[in-house]
Structure formats: structure tokens, C-alpha cells
Amino acid sequence: MSVKCTSVLLLIQLSFYFGSGYCGNVLVWAPDYSHWMNMKTVLNELVQRGHEVTVLAKSASIILDPNNSSTLKIEFFPTSITKTELENIVMQQVKRWSDLPKDTFWSYFSQVQEIMWMFSDISRNICKDLVSNKKFMKKLQESRFDVIFADAMFPCGELLSEIFNIPFVYSLSSTLGYTLEKYGGGFLFPPSYIPVVISELSDQMTFIERVKNVIYMLYFDFWFQLFEMKKWDQFYSEVLGRPTTLSETMGKADIWLIRNSWNFQFPHPLLPNVDFVGGLHCKPAKPLPKEMEDFVQSSGENGVVVFSLGSMVSNMTEERANIIASALAKVPQKVLWRFDGNKPHALGHNTRVYKWIPQNDLLGHPKTRAFITHGGSNGIYEAIYHGIPMVGIPLFADQPDNIAHMKAKGAAIRLDFNTMSSTDLLNALKTVINDPLYKQNAMKLSRIHHDQPVKPLDRAVFWIEFVMRHKGAKHLRVAAHDLTWFQYHSLDVIGFLLACVATVIFIITKCCLFCFQKFVKTGKKEKKN
């Protein structure tokens, strides 16, 4: 009887503990593309646990459709840019970035910065459209949300948090937002062993590579800070009616949920309000459609290769497509290629093209031998989850860095999309399939990923509920956010100590000179006498 009573009391306590986090009201600042896919996984879980989730979406949203039914409540606000205009700009800039030659550092980085600034201007204008819509803002104010969930790469969520005076939680993919994490989150990035974004370096750097890494760091720190941040600082100051900065506003985030993990990322210092939740979208493979399963099974002992360059590559040239197709035709494996376009004339009998493939289910299939990927973090985590070696063909953004990480961990080979030949692709594919070391390293990463006390998705949901239960998590926020840059680096203290040392040296020098002069004068008098 006492055991039953104890069990009942324990259930009551647990229900009280978790119940205080249930039925929360969550406001989401929605991004697009893969950023949204990751957030959606968390949001669906929040809905399953009884929370009310309202997604704030622009009318120009590329991913969200007001006509599609969803368990999520989606609120659309009008914007000055249309969906078609936004989609065209995104595709144009993605292609531009993918085609950029890396001949010289300044040329490549300056053009990348121009692309980033263009996207930043668009994001700022969309945010202006929202906060200047008084009727819509009043409606949000009256809804009394408990927490805001936003992607740090798309500013505005932190501004809404400041306006509505409610806590907010960030979601962020890997380290693409280097300056955002460093200045907005207060993250530590020692350049001696932490490679800067887009550098494609590892944590094992030679002297020359460390020099290169410091140059990258200085470029991002000063060029980005001096020119781009000022626009956001001015905008936020105007909206809030007081001087402020984007970094200061971002620094008030209660929790940072980084969609990364230590089996992917190189080890580096983290702050108390940061948690790595990489691979939260990963799940066991489901059965394939019958036609696809039959094709996979027809591969016999050779197995299959899964090939996808993501959803943002839809205009591959005929020449590139045929180079790839001719390489795939020469492997003994069957190939499932996610490809949107006219079939290449060099396509082999062992290759089938699809406009869409169930990527996770294919990677989890026992007959899958390798994954040819553009290096998107979602696809890489699915490959890690299922222990599949990779051939990386990165195109833009964080993809080169992602593949560089997998290459450093011995689970991938990297190729250049614009310069690789059919032979290069064929040899890379044969190597990752036939060299057992690549499979062993991929399986090692998989075992590390699965060996966690709490699943990444559960941790992400826990922290959002934690913030709702406790009305924030300011006790985890480091005091560094309250310091100026010279206080943070102790330059005022160093200056004071140097002044003290200089003063002591000056006094000692003066005393020595005085004594010396006295001694000289005394010597002269004695000489005269």
C-alpha cells in the first residue's frame, strides 16, 4: 500500500513539475528553407506536449503556405516584397555564391559579404514591415506570449522580445553566424584552435593556417562590425526609442540552441546558456515506397548510392549534369539521384532520377553504401545518424565548412563542383565505398551521436519549457554582456596597471637622478676644497 501511495505522490509531483511548463504560449519568428525545417521539428513536439504555438510568417514566405493545413497556428503579415521576388533573389544569389572563384581572399570574401549584406537588407525591411504594422503588433501584444523562439541568423525575434518584454530562445545552425555568436552571444572563439567560418580549416592548424585564421577573424570582426551592424543598430534604436545595438539586444537571449554536436563540431568553450542539439530532426528510417524499394533491392550485394545537392540547386548546367551522370554510370551500385531538370543523356541504367527522395529513409536503408551531398547540415546529420560515409560537393554558405569537418573526422572526401571531372567523382565514390576506414569513421560518429543520456529534441523542448516555467533564464547569462569591449578585454585594468608601473618607474628614475645630481654636486665641492 505504501508503495502505491509513494507512486501516486511521485506522479503528482511530476505532473506538477512538468505541468507548469505545459500549455505555454509560444511565438515563433519563422525563417525559410532548412532553418525552418529544424525549427518545425521542435514546434511539432511542443504542440504534442500541449503548448500553443503561433508562427509569425511574412506574406513572402517561400516555405510556409497559408492554404496548407497544419497543427501550428500561422499568422501572416504583409510585406513590401512578394514571394516571387524573394525567391528569385535567393536563387540568383545562391547561384552567384556557388559560382564564386576562390582565387584571391579579398575578391571572394568581399563578394560573399555583398551577398550577405543583400540578404541582411531584405531581412531588415521585412522586420520594418512588421513592427510598423501597428494593428498587427497590437494583436500580438494582446496574445500575451510566454516566450519567443527565433533563428539568430534572421534578426527581428529579439526586437519583438524587447518590445513585448518577454524572454526568447535562439535556434542557430552551426557557426555560420560567427559575428552574431561572438558579439551577440558572447561566445569564445580563440583563433589559435577554433577555425573561423568559411575558412574550411580544422582545429589542428599549422602556423601559416593560424595566420590565415587570424586574418579571417579580423576581417569578420572589423569589416562586418563597422559597416553592417550600424544599420541594425540605427534601426533598433529608432524602434525602441533609445540608443541600443543589435549585439546588445541579441545578448539578452535566455538560451541558445545550436544545431550542432561534438561529433560534428571541433571542441571549443561554451557558455552556460548554450546547448548543442544537432541532429534533433533525425529519426529511424521508415519503409520506402514499393517502386523505390524494388529498385534498391535489385542492387544485390553492391548496394546503393544516395545523391542529393539539396532543394536550392535546380538549374545545373547540362555539361555538369552529364559529367556527374557519366561517373555514376560506371559504379556497380544502383544510384538514386535527387535531380530537378532534363535527364542527362549520359545517364546510366543503374541511375534513377527523382524530383524528391525520402532522404532519411534511404540513408537508413541497410543497402546504402555512400551519400553524395552538398554538405547541408541536415543531410550530414542524417548521414551521421545512420553511419553513412560521404562524398561532399559543397556549394555555398556553411557547406564547405561542414564538409571540411567531416573530412577532418575521416568520414568524407571533398570535391569542387565547378572543377571536378567525371574521373574525380568516380574515384572519390569508389574510395569511400571500398576503403573500410571511411565506413568505420562514419559508424564511430553515429555511435557517439546515439550515446546521449537525453535526445537532442527532448533537450531543445526542455529548455524552451524551462524558460517559460521560470520566466527566463537570466541566471545563466554571463556578465560579459554588460561590459564594454575595453572592459571585457580588461584594457582599462591593463592601462591602470601600466600607468601605476610607469608612475613607479618615473618616481624611481627621478629619485635616482636627484641622488646622482646630489652626488655629482658633492663631488665637485670636495674637489674645489
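**A guided tour of the predicted chain**

Of the 529 residues in the chain, 50% are buried. The model is a predicted one, and the tour moves from the whole chain to selected residues.

**The whole chain**

Along the principal axes, the C-alpha atoms occupy a box of roughly 120 × 65 × 60 Å. Consider next the contacts between residues at least 6 apart in sequence: 65% of them join residues at least 24 apart.

Now switch to a surface view. Colouring by charge brings up 56 positive and 48 negative charges, whose mean positions lie 6 Å apart.

**Residues 493-516**

Select residues 493-516, where UniProt, in an unreviewed entry, places the feature "transmembrane region". What is the secondary structure over residues 493-516? In the model this stretch is 100% helix and 0% strand. The C-alpha atoms at its ends are 34 Å apart.

Next, display the side chains of Phe, Tyr and Trp. The chain has 17 aromatic pairs. To examine one of them, select Phe-187 and Trp-256. The ring centres are 5.2 Å apart and the planes meet at 65 degrees; the pair is therefore edge-to-face, since an angle over 60 degrees counts as such.

Where do the two partners lie in the chain? Phe-187 is in the loop between α7 (178-184) and α8 (207-240), whereas Trp-256 belongs to strand β6 (residues 255-259). Because these positions are 69 residues apart in sequence, the pair ties together separate parts of the chain. Both Phe-187 and Trp-256 are buried.

Finally, centre the view on Asp-401, which is located in helix α14 (residues 399-408). Is Asp-401 buried or exposed? Its relative accessible area is 8%; because the limit for a buried residue is under 20%, Asp-401 counts as buried.

Which residues does Asp-401 touch, leaving aside those up to four places away in sequence? Show Val-196, Val-197, Ile-198, Ser-199, Glu-200 and Leu-201 together with Asp-401 to see these contacts.

Key. Residues numbered from 1 in each chain as written. Predicted model: local features only at pLDDT ≥ 70, side-chain atom pairs only at ≥ 80, totals over all residues. Heavy atoms only, no water. Buried < 20%, exposed > 50% of the residue type's maximum accessible area, 1.4 Å probe, protein only. Contact = heavy atoms within 4.5 Å. Lys, Arg positive; Asp, Glu negative; His and termini not counted. Charge placed at Lys NZ, Arg CZ, Asp CG, Glu CD. UniProt positions renumbered as here; feature names shortened; annotations may be inferred. Helix = DSSP H or I, 4+ residues; strand = E, 2+ residues; numbered from the N terminus. Phe/Tyr/Trp six-rings, centres within 6.5 Å; stacked < 30°, edge-to-face > 60°.
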